[in-house]
Amino acid sequence: MSAYGHQMEREFSSQSLLSREDTESGSQYVLESGFYMKSFAATIFIAGLLIVGVLLATLIVTLAVMLQSCESRRKGVVEIEKASDSYHYCKAFALHGELNSLEEPEIPPVCWSLAIHYIEGGEYERDLNFTISMVESFFDTISPSDNHLDAVLMDIDDILASNHTYSHQSMHQQQFNQYGSNKPSGSIKDAANLKHWRILELYVKLKSRGWSLILLSRKPERQRNVTAEQLKAVGFNGWSSLIMRADSEMEMETSEYFRTRRTAMKEEGTQIISVISSQLDALTGSSLGKRVFKLPKPLHYNSQTPTL
């Protein structure tokens, strides 16, 4: 073979070798590149699964929380409705009990429980303050006449109940203990003391403005001296008159007794401006004046020593 032929063969061999090397190199690149891509895809896939798992777990937890919240809300609404029903029932029963002079054993247990909550929850205090404010607002708009015949009637059983009842509580404390309260010297007694001081403040204010104050009692006339001393001992002085029941009036219904006494006052020339009491028997009938005010009271029933 000529020199030229050998040279061409060598060049062809070199090109074939380079081509084979390139081909092998290219195969290696393709294999390495393919393996790399497969690893990346697997990583992405696993990461995606983890994200989906986290999202599903979050969704499940969110749904569980929402379901629990809905159940709690529904349960709360039901409980509120039940409490509201009991409240309205006992409110109606209180009026019914007072109108019909029901006895203490006839009070439903749920009403004892609500009465305790009414006192200890602060609602009684708010109602008392609102009522006293209404009384004061009314008397801010009027003044007593110069003839001193205008009078304000106040129920002293509201005044003395705070002292007498809560220094001798055994009659009522059994019910309070049974239905949720074991604090005879706590908030219940505090409410009674609050009532005493708020009525005393009102009494002093009316007296200082020149109003004649006539005190009404359901107690018998024979207890006049003791009752007068009790009133003075708790800060009530300077009343115009203290009305108590004669022996002939002891068999009367208290509403009739109060009505008869008011009628007698009117016939004697007394101009009744207002009557203030927590009990309906003193606030019904004729000759009640321009305005009557009913002080709040947790329970209403026929008792010789009324609550609050």
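Mentor: The protein chain has eight helices and five strands, where helices (H or I, at least four residues) and strands (E, at least two) are DSSP runs numbered from the N terminus. Starting at the N terminus, their order is α-α-α-β-α-α-α-β-α-β-α-β-β. Please keep in mind that this is a predicted model, in which local features need pLDDT of at least 70 and side-chain atom pairs count only at pLDDT 80 or more, while totals for chains, interfaces and linings use all residues. Residues are numbered from 1 along each chain as its sequence is written, and side-chain values use heavy atoms, with hydrogens and water left out.

Now to the rings. Rings of Phe, Tyr and Trp (its six-membered ring) pair if their centres lie within 6.5 Å; planes under 30 degrees apart count as stacked, over 60 as edge-to-face and the rest as tilted. By this rule there are six aromatic pairs. One of them joins Phe 138 and Phe 293: the ring centres are 5.7 Å apart and the planes stand at 55 degrees, so this pair is tilted. Phe 138 belongs to helix H3 and Phe 293 to strand S5 (residues 291–294), so the pair ties together parts 155 residues apart in sequence. Phe 138 is buried, with a relative accessible area of 9%, and Phe 293 is buried too, at 7%; buried means under 20% relative accessible area, exposed over 50% and partly exposed in between (1.4 Å probe, protein chains only).

Next comes the pair of Phe 139 and Trp 211, with ring centres 5.2 Å apart and planes at 75 degrees, so it is edge-to-face. This pair also links distant parts of the chain, 72 residues apart: Phe 139 sits in helix H3, and Trp 211 in the loop between helix H6 (187–208) and strand S2 (212–220). Phe 139 counts as buried at 2% relative accessibility, and Trp 211 counts as buried at 5%.

What about the chain as a whole? Of its 308 residues, 36% count as buried. Among contacts (heavy atoms within 4.5 Å) between residues at least 6 apart in sequence, 70% join residues at least 24 apart.
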